[in-house]
Each structure stands twice: as structure tokens, then as C-alpha cells.
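Open the model in your viewer and keep the selection tool ready. This tour goes stop by stop.

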Amino acid sequence: MKKALVFFSSRKSWTLPYLIFSIVFVIVPLLLIVVYAFTDENGHMSLVNFSKFLAHPEAINTFVYSIGVAIITTLGCILLGYPAAWILSRSNMGYSKTIIMLFILPMWVNILIRTLATVALFDFLRLPLGEGALIFGMIYNFIPFMIYPIYNTLQKMDRSYIEAAQDLGANNFQVFWKVVFPLSLPGISSGVMMVFMPTISTFAIAELLTMNNIKLFGTTIQENINNSLWNYGAALSLIMLFLIAATSLFSTDSKNDSSQGGGVW
Amino acid sequence: MQKDNEPIIEVKNVSKFFGEKTALDHIDLSIRKGEFVTILGPSGCGKTTLLRLIAGFQTASEGEIRIGGKEITQVPPHKRPVNTVFQKYALFPHLNVYDNIAFGLKLKKMPKDVMEKKVKAALKMVGMTDYEYRDVNSLSGGQQQRVAIARAIVNEPEVLLLDEPLAALDLKMRKDMQMELKEMHKRLGITFVYVTHDQEEALTLSDTIVVMSEGKIQQIGTPTDIYNEPVNCFVADFIGESNILNGTMIKDKLVRFCGKEFECVDEGFGENMPVDVVIRPEDFYIFPVSDAAQLVGKVQSCIFKGVHYEMVVLCDDYELTVQDYHGFDAGTEVGLLVKPMDIQIMKKERTCNTFEGKMVGENRVEFLGCEFDCLSENIKGSVAAGDAVEVEVDFEKVNLEDNASADMIEGEVKFILYKGNHYHLTVHSDWDEDVFVDTNDVWDNGDRVGITIPAEAIRVMPAKADGNVN
């Protein structure tokens, strides 16, 4: 009895539910993906799924295309989001809070409903759905995730760095490129983490905004799994996971090493 | 002593407002080439604002600033021939020591080999040779401060501005850096403008000290001038320790305080004029009671301070602080003597509170935003309701209360001066006028108080002819 009490009151024991949750819903599914990816339909160990991927130019093309879309979306988010974050960090508190709210407000609506609304908007404006609409939809959906971390780093930045640079003879342009931008790289880096990775695997936006004409990698995985091609779908998922893991390592690297300028992007 | 007497910085009639608040109030200041000038004052006195106006981070609301004869009031900071050492160093965390120091030189597109030589020379100057490629975050506070100084002087500015550069260092390190800064000033031969709230630092370092309070310059002078001849109670109280007492100038070279008459060296105050008397604690001679004693008193407390003893001596009603190498135990009867040279006399800025007011009825007067009763025998001349009047209230007649009731005017204690047997307080009222109070009660700076003035303390007289006619 006493032992049980000690066990339940210790902090370690509180992690138990979370541990069980992550085993059941994260670790086991991940292991299943790995197992499925390396077996054929009959359950034998094989690399047939990966050779299928490499032999199919169509799948590789979709893969490369998805990465391209993700890069363009991320760049678009940085180019549009950075100035927004900069302006917000400079304006007075009450005003900037309102603007941030306006950026975040659409996030309260489900992504599918938002995207369907975008489709309706494009129809109303008689704009064609397709590649352009896809990029628009992606940036529209993901830009808040870029603005917020950049805004955060800019806002916390000590004004004396800017004054020190001015004092040493830097004009506004030089102050930005030599001090403000390098110091905001950690913000950009977490923004990239939050935009680039989810964009690789989205499929709903692509389906709806291109009338299913453009396939992204996420779509391919979804189709395979819907068609009960579990092993091939698992292999594709694993490839994508590797890519995401690689980018996240890349981002954390540049964060630790911001003194080098971290100019990967 | 100065190599050159031409002014390098001229601040002419400069004011700075932040909204309603006046940070600087008509400042006039001229700094000579090669001088080490310290701007000294308590926090919130406007000293940092003045430095920021010279550096260009803020622009003056009124007035003109010239550096090297050129008008630069509106010139942005990057075009001014000055460099700043910031209080919290502001070293760029994404650059190493070398790149931090070379920042200004790179902007000037200086050739690499020249730049390297200059950076190395600057590092040597601050005693940080071989630290070029260290990460600035790995340096200690003192080392970061040295890098910050190197980063500023490597640009060879005409004026180096230092904003409380040693405030974040511990005492020992601060003392060492003070000596190094003084040495550096000698070697570089450029003008240093140094901002600090530490009076000892100011006395140690400067050629000239500018004492500021509430956006105004109180006194400009050499450290010895400021210490020995403060112009008012604020300066006397802020610089060093001092006994400040109410006195009366009986005639030239004769002053009365603590109930005794003393010879002094000051003259020209007029006869029987109320004055403030300042005596530094170390200027008293203390000895067993004898005929030589000018004042006789009893030691209240005696504390050993390392080099000297600090004693509080009660003479009649007055507590005097005395410093001497010899200590006398508490309870001992002692004699005190002070030389005429060491008695500093200051003109009183005011002898009673004066307010502008208005009669609102018979024996009812309005001032400080409130209405007060007054007695008819205290009304001079003929005033009718609606007339503008001048109201006088003696310092000791004003009462302060802990808890203000609704009809009372409130204020905040902002300056406390111990006058030996009472406190002289400056209370900033919510009506935005200062009320001066003499009291025996102990208050703290920043205390909220209610102010009451009894009817018999109010003296009313018609406003002067040039006064407002509302």
C-alpha cells in the first residue's frame, strides 16, 4: 500500500500515461511503417518497394515536384512574412497585437473549409485553378507559421544592437543586413521548420486547388494507401520522413551556428 | 592643463520632451577638446538622454547641438564623429571579437591589412591581445566591456561617449577599469564624455563634472570645486557626505548656526539673511571637551569605516556627522571645531512655499487645485473673491499624512534632505507643483502622502502687478 502511494506520488509515475500514449500512437506505427516498407505483399523481407520507387520516373518526378513546391512556398512565406514581421515588431503594442490576431484568425477555421473557400473565391474571380492557385493556397495557409517566429525574435531583439551599429557608421540598409537579419536567423529557421515540412506532405490543398490535376508526394502516398498498396505507401512515407528529419537537422545546425551567418536559405 | 581650449561639443539651449514629461530643460553645455567630462546625477535626471542626443539616437525637441563647429542636431548617428560605449556593451552576438571591433572599419571599406593592424592595436590598448577569435558570449563582463571600448576607439572618433560603462562590473573590477580609462584618455588625447550616477567615480575620473538633476544642470566645475563649493543643497547632498544646516548670515564673514556664531570666509549675502551651511564630516575637529571647542556635544554612535571612524554627535538639538582617525565611544562628551575656510555658505533658494492662487470667497482661497480656509488677519491688502493672489506657507506648517482623504491634495516625496535636527522634503504634488516641507517624521523617497495646510498657516497677499489677471 505504502509502496503504491510512493509510486503514484512520484513525478516519474506521472509520465506513464504519456509514455503509453507515445508507444501506442507514435512508436508502434513508426515501426509498422518501417516493417511494411521493407516487406513485399506476402510479408517477405525485400527492397522491392524502394526499387519500384526508383524505377518509376513518375513517382520520382512527383517527389521532386513536391520538394520544389515546398521550397517555393517556404521562400514565398519568408519574402512576404519577413517584412510583415518587421513592421509588426516596430509598431506600437496594441496595434500590432490586432494585426497579429488578424493573421492568426483564419487558423481557427479548419484547413479544408478554408481551402474550399479559396476555391470558391477563385471561381468567383474567374481565376484558373492550377499551379498558381496551389502556390497561393499553400502560402496563404502557412504564412502565419513564418510570421510569428520571426516577429518573436525581432521583437525580443535588444535595440542597443541597432544603435551600436548606427553608432559605428552603418546606414539603415547596412544595419539591417549586418545586424538585424543575422540576429533574426533563429526565427527564420524555426519558421522554415514549421512551413517546409508540412508543405511536403500536404495533399488536401493540392487536390482541391488544382482540381486533382497536380499531384504532390502526399497525394501519391494517400492514393497508394487508399488502394491497399500498404507496403509501397509505407516505403514512400519512410522516404519522406527521412527528408523531413534531414531538414530538421539542417535547421538546428544553422541555429547553433548562427555566427557563420547560417546562409542556407 | 588643456592642450586646446576650443570647444568640441556645444549644446545650446537644448530641451527634450517625452510627451508631457520634460527630460531636459534648456541645457547649455560646452565641452573643450581633450577634456574628460562626466555628467553626474541620480537616475532619471536626464543624463543619459543628454548623451543620446549627442550620439544622435534621439533628436532634441528644441535647441542646437554642434560638434567640432558643425551643426548636427538632426544628423543621423552614423554620420556623427562620435562613438559610444554602451552600458550593457551591446556587442554583436553573431560576430567574434575581431569582427565586432572591425565592424566600423569594414563599413569604411578599409584595406584588410590596415584593418588588421588597427584591430590588433585596439586590442592591445585594452589589454586583450590574442582574444581576436573568441566568441563574445564566452567572455566575462569585464572582458566584454574592454572589447566594447576597443570597438569604439578603433574608429578614432573625436569624441568617445560612455554610458555608465562600469555599472555592471563588481567593485574591484570597477576600480581597476577606472584607472585604465583615465590612462587611456591620456594616451588617446580625445574627448571623453562619461555618464554615471556614481559620484566617487566622477570625482576620480573627470577634468570637469556636470551635476544634473531633474533635467537641469545644477553645477559645472572641476571635482574640487564641486566638492568644496557646492552651489546648492542638492549638489552638496549628492556629492560626498555633508552636514547641511539652516543658518543666518549675521554680517559678512560671520554666520550663526547650531545656536552659535562662527567666523567664515564668505561675504556679500547681506545682513541677517537665512542661508544653508554645508560642513563636510572630515572638516570637523573632534577632541575631549576643552576651551577650544566651538560646539560641545555627546557622541551618539561610532562606526569604524576602515580608514576613519564615523561618529554622530548631538550638539544641543543638532545631529552632526563627524569623521576622524580617532574614535570616541558613544556617550563621550566631546568638543568640535571647524575652521572658517571649511564652512561653505549657500544662498537659500527659498525661505517659504509660494503659490499662485485665487480668492474664491471671503476667507476662502484656492491654490494647488484645492480650496483652503484662511484667516482674515493673514490677508494683506484688499482682495475680493475672484482676485488672483499670492499665497505663502512656511515649510514647517505643512502637514503630511499617510492616508489621504478625498478632499486632500496628494503628492510624492521626491527629495529628502537632513538638516541636522529636521528633514526638509520636496513633495511633488499631483497638481504638478512642488511643496516644500520641514518635518521631524521619517519619510522615504517615493512615499505617497496627503498634504494638509491649516488655516492659520496661510498668508495671502494680492498678486504682483505683472501676475495673471484671470
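How many bridges join E3(B) to strand E8 of chain B, and do they run parallel or antiparallel? Five bridges join E3(B) to strand E8 (residues 191-196) of chain B, and the two run parallel.

Before going on, some ground rules. This is a predicted model, in which local features need pLDDT of at least 70 and side-chain atom pairs count only at pLDDT 80 or more, while totals for chains, interfaces and linings use all residues. Residues are numbered from 1 along each chain as its sequence is written, chains are lettered from A and ligands numbered from 1 in the order in which they are written, and side-chain values use heavy atoms, with hydrogens and water left out.

**Stop 1: strand E3 of chain B**

Select residues 36-40 of chain B. Helices (H or I, at least four residues) and strands (E, at least two) are DSSP runs, numbered from the N terminus. Two strands pair if DSSP finds at least two bridges between them. In E8(B), look for Tyr194(B), the bridge partner of Thr38(B).

Is E3(B) buried or exposed? Five of its five residues are buried, so E3(B) is largely enclosed by the rest of the structure. Buried means under 20% relative accessible area, exposed over 50%, and partly exposed in between (1.4 Å probe, protein chains only). Color the two faces. Phe36(B), Thr38(B) and Leu40(B) lie on one side, Val37(B) and Ile39(B) on the other, and all are buried.

**Stop 2: chain A**

Of its 265 residues, 41% are buried. Contact means heavy atoms within 4.5 Å. Among contacts in chain A between residues at least 6 apart in sequence, 70% join residues at least 24 apart.

**Stop 3: helix H9 of chain A**

Select residues 159-167 of chain A. Eight of the nine residues of H9(A) are buried, so this helix is largely enclosed by the rest of the structure. Among the buried ones are Tyr161(A), Glu163(A) and Asp167(A).

Bring chain B back. What covers the buried residues of H9(A)? The cover includes helix H5 (57-90) and helix H10 (172-201) of chain A. It also includes helix H1 (47-55), strand E6 (82-85), helix H2 (97-107) and helix H4 (141-153) of chain B. Then step to Gly169(A), which follows H9(A) and has a positive phi, near 110°.

**Stop 4: the nonpolar cores**

Select Phe92(B). Not counting residues up to four places away in sequence, Phe92(B) touches residues including Tyr161(A), Ala164(A), Leu168(A), Phe103(B) and Arg151(B). A nonpolar core is a set of buried Ala, Val, Leu, Ile, Met, Phe, Trp, Tyr and Cys residues joined through side-chain atoms within 4.5 Å. In the largest one, of 97 residues, Ile9(B), Phe92(B) and Phe103(B) touch the most other members. A second, separate core of 36 residues includes Ala148(B), Ala152(B), Leu162(B) and Leu166(B).

**Stop 5: a five-stranded sheet**

Which order do the five strands of this open sheet in chain B take? The order is E15-E19-E16-E17-E18, with antiparallel pairing. The edge strands are E15 (284-288) and E18 (318-324) of chain B, each pairing on one side only. Inside the sheet, select E16 (residues 295-304) and E17 (residues 309-315) of chain B, joined by six bridges. Phe304(B) has Tyr309(B) as its bridge partner.

**Stop 6: the cysteines**

A search of the whole structure finds zero disulfides over all chains (a disulfide is a pair of cysteine sulfur atoms within 2.5 Å). Select Cys258(B): the nearest cysteine sulfur, that of Cys315(B), is 6.3 Å away. Cys258(B) counts as buried, at 2% relative accessibility. For Cys370(B), the nearest cysteine sulfur is that of Cys374(B), 14 Å away. Cys370(B) is buried too, with a relative accessible area of 16%.

Select strand E27 (residues 423-429) and strand E28 (residues 434-439) of chain B. They pair in the antiparallel sense over six bridges. Val427(B) has Val435(B) as its bridge partner. Four residues lie between the strands of this hairpin, where Asp432(B) takes a positive phi near 75°. Five of the six residues of E28(B) are buried, so this strand is largely enclosed by the rest of the structure.
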